[in-house]
Amino acid sequence: MTTEKIALERYKYDVLVIGAGGAGLRAAVEARESGLRVAIICKSLFGKAHTVMAEGGAAASMGNANSNDNWMVHFRDTMRGGKFLNHFRMAELHAKESPDRIWELEMWGALFDRTKEGKISQRNFGGHEYPRLAHVGDRTGLELIRTMQQKIVALQQADKREHGDYESHIKVFAELTITEILKENGKIAGAYGYWRESGSEVLFEAPAVIIATGGVGKTFKITSNSWEGTGDGHALALKAGANLVDMEFLQFHPTGMVWPPSVRGILVTESVRGEGGILTNNKGERFMFKYIPDVFKDKYADNEEEADRWYVDQDNNRRPPELLPRDEVARAINTEVKSGRGTEHGGVFLDVSKRISAEIIKKRLPSMWHQFYELAGVDITKEAMEVGPTCHYVMGGVEVEPDTAAAVGVPGLFAAGEVAGGMHGSNRLGGNSLSDLLVFGRRAGMGAAAYVKQNSSASVSDATVAAAAARIEAPFARTGGENSYSLHAELQEVTHNLVGIIRTGTELKEAIEAIAEIRKRSANVAVSGGRKFNPGFHLAFDLDNMLLVAESTAKSAISREESRGGHTRDDFPGMDAGWRQSNHIASFDGNQVSVRKQSLPFMPKELFDLFEVDELKKYMTPEEIAKGGSN
Amino acid sequence: MARKLNLRIWRGDATDGGLKDVQVDVNEGEVVLDVIHRVQATQMGDLAVRWNCKAGKCGSCSMEINGKPRLACMTQVASFEEGETITVTPLRAFPVIKDLVTDVSFNYKKAMEIPAYAPPADLKPGEARMEQVDVERSQEFRKCIECFLCQDVCHVVRDHEENKKSFAGPRFFIRIAELDMHPLDILKNRKRTAQEEHGLGMCNITKCCTEVCPEHIKITDNAIIPMKERVVDIKYDPARMFAGLLKREKRS
């Protein structure tokens, strides 16, 4: 490796945004509008991020469909959904700011579906007390991405008018992978990576880096995530000295496709249930009535008649149990299938054809109709779908300061969206991720802008650059080593079988050993072919990230001896109020991940008082109840 | 259950390349992207292919399958005759980078040239009121997943590199139509600039773009033809021409 080659491409920016999904784009807009020069880095083409796959909608208590809705109701639903493990301040900011973020998108050209009065329409979703999700049919994520992509183009057009160059202040680096976040003197100094197209290396110098890389689904065998969900940001942050909070909590979405095998895991939106879809087993039994947990007994109907009435009269009936939070529904489906009451292909039936007309199905769920018709040969206006759980979302992520999205312990590093932890506690409600990425994407942009104004530009030393470059070159230098595709498949088997939807201490111990073994072998991955657009080479780096994520998840999961939200222990089936007071913090010493307990910040009295004490008693210890808030 | 499939894949880069024959296992229900991935994992570790969601929602895996522009993730292997060889080649209208991956930056340059959405200056967040029927016209075009298959198939640029400079292509005609039909957009002359600056007039309505659109957007009927008709009305309206004449006379 010659120094000329290292010096090939160097850029200096005020803010570097890694990830061009919803959170990254919203952060970039904010940083640019604060007057800064911003680079946006995406692993794929601009506008292809996983956010486009979000279907149902963005939760915001605008009150358009039911005027009783407001931020306090949304806050309560979010905390309940997360089983009170959420960082209260994040849930509060999210509930308060979501409506403004949706209206802002409309000012940028988004076209949401409308109510009769011409306002933004809002639909029902699991765990939300009122219809709350702003939506565009079942392609809401695409609308969000396109709107922000076009907002960025609008900013670039303004820069062209003012400075004569579209890219003078905001530039998109598409198909570029970041392999390392760089620090000098304990502070962020930039990032290093390579163009996927050519394999040539790029150095970015910037005093602030915002990580917005999304999720980790590809660590698992059955997932709704695209190839990009390889936990890059989680791993980059760990290696840069940041912490990951609560990595044991993974959301298995209850309804993924199960047949044919090649589409196994692809998401079936919760809107199908929101619009009236019911779940049945192979005996034709509507089984969800059996699975309403005690904490939700007063909110969910325990008989079909009441559940059916709810669709026309929500004020006088309880909700159908198909709309319980996702963790409950996923576990119920898992139990039905394991008890021999599943479908031929190991799922359950989801049927929307009996309740609503073919015309309305095609209008409200057009991409679901399309997806089943073209990929599975099933016409959902006439027949039931076969569905089962799929790894969908990671609640755990980078530990951040709620107001600024600053990563704890690393000056200049910020994180927003799925890669950040805390907001959703042990389980995320549907619709809360699109609003999360808008609210905290903006806050990360603001946080980074404020930081940059007080911290001058960064420069990276030659030694740091040389080390980063050597790491990229390494897999090419090896011959006859391991194949990254096979190691990835082995890792997915381990996580699927041993760290999945139902866990035990023995299996987790086995998983930790297996992951360590794969990690050892991954140090010997060899790549065939050259640097130019070489997927085997790309996967070698993704694999390294997924291994760190899997290790963090398994080690956090073995330590948490209770079941809560997206973490179910067969050997500790109950929820434990003592455990509610603890987060898990994962950190990396350059060799291995270690996990420790840390006290969860307790909510202040004004938020505590938003709940009935009887409800809080289901989650909290008597001492906490007696205290009545942190102030 | 698995059977063998004969797959012919174009491999190479901008300097040189050709079709390579491979045999690969295929299982029930699989799409072309599945078998390409199997080739990648077992026979050609460095085979370049773009993809993301594998669910027809992101528009990344655009390629030509037996000469037709398609999404590889939405093309069932079972839709071909058993024993038939499936040939996969990169998009023809764009420069090859490597194997099945092409340089589609043309489209991102064109996107920058379309004037952005322009809401009324006095519109406050949360105060917009629009009828569902009015937003639906633009919503049809906003379904676009930017797979660029319409750009690839369009005769105007498919074999005419020289036209690229003055032609934005079907993807951006629906973008202009979407803004033009947006109930709140106030920018005037979108249709006229479509004609004068973005090459709308070069389209000869063969509807190839509509045929390849995986989102079934009626590009020609609902965007291009209505804009062309309105442009004719604006540019060749005798009443307007007369008014324009008067204006010019007044000015002189």
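Close-up 1. The model shown here is predicted. The buried residues are A:Gly22, A:Ala23, A:Gly24, A:Leu25, A:Arg26, A:Ala27, A:Ala28, A:Val29, A:Glu30, A:Ala31 and A:Arg32. Their cover includes the strands β2 (15–18), β3 (38–42), β7 (170–174) and β11 (208–211) of chain A. Helices α5 and α12 (432–454) of chain A are also part of that cover. Just after α2(A), A:Gly35 takes a positive phi of about 95°.

**Close-up 2. Chain A meets chain B.** Here 48 residues of chain A are in contact with 47 residues of chain B. On the chain A side, the elements giving two or more residues are α4 (88–107), α5 (140–163), α11 (366–376) and α16 (535–559). Of these, α5(A) gives the most, with eight residues. By class, this side of chain A divides into 20 nonpolar, 14 polar and 14 charged residues.

**Close-up 3. Domain 1 of chain A touches domain 3 of chain A.** The domain assignment of chain A places domain 1 at 9–250 + 393–405 + 421–462, domain 2 at 251–392 and domain 3 at 470–576. Taken over C-alpha atoms, the centres of domain 1 and domain 3 of chain A are separated by 25 Å. Contacts link 33 residues of domain 1 to 32 residues of domain 3. On the domain 1 side, β8 (176–184) and α6 (232–239) of chain A are the elements that give two or more residues. The largest share, four residues, comes from α6(A). This side has 12 nonpolar, 12 polar and nine charged residues.

**Close-up 4. Five strands of chain B form an open sheet.** The strand order is β2-β1-β5-β3-β4, and the pairing is mixed. At the edges are β2 (17–26) and β4 (68–71) of chain B, each pairing on one side only. Neighbouring strands are turned by 35° against each other on average, direction ignored. Strands β1 (residues 3–12) and β5 (residues 86–89) of chain B run parallel and are joined by three bridges. Here B:Arg8 stands opposite B:Thr87 in β5(B).

**Close-up 5. Helix α1 of chain B lies across strands of chain B.**

Key: Residues numbered from 1 in each chain as written. Chains lettered and ligands numbered in written order. Predicted model: local features only at pLDDT ≥ 70, side-chain atom pairs only at ≥ 80, totals over all residues. Contact = placed C-beta atoms within 7 Å. Nonpolar A, V, L, I, M, F, W, Y, C, P; charged D, E, K, R; others polar. Buried ≥ 20, exposed ≤ 12 C-beta atoms within 10 Å, placed from the backbone. Pairing = 2+ DSSP bridges. Axes fitted to C-alpha atoms, helices over the stretch in contact; angles between N-to-C directions. Domains from an automatic or database assignment.
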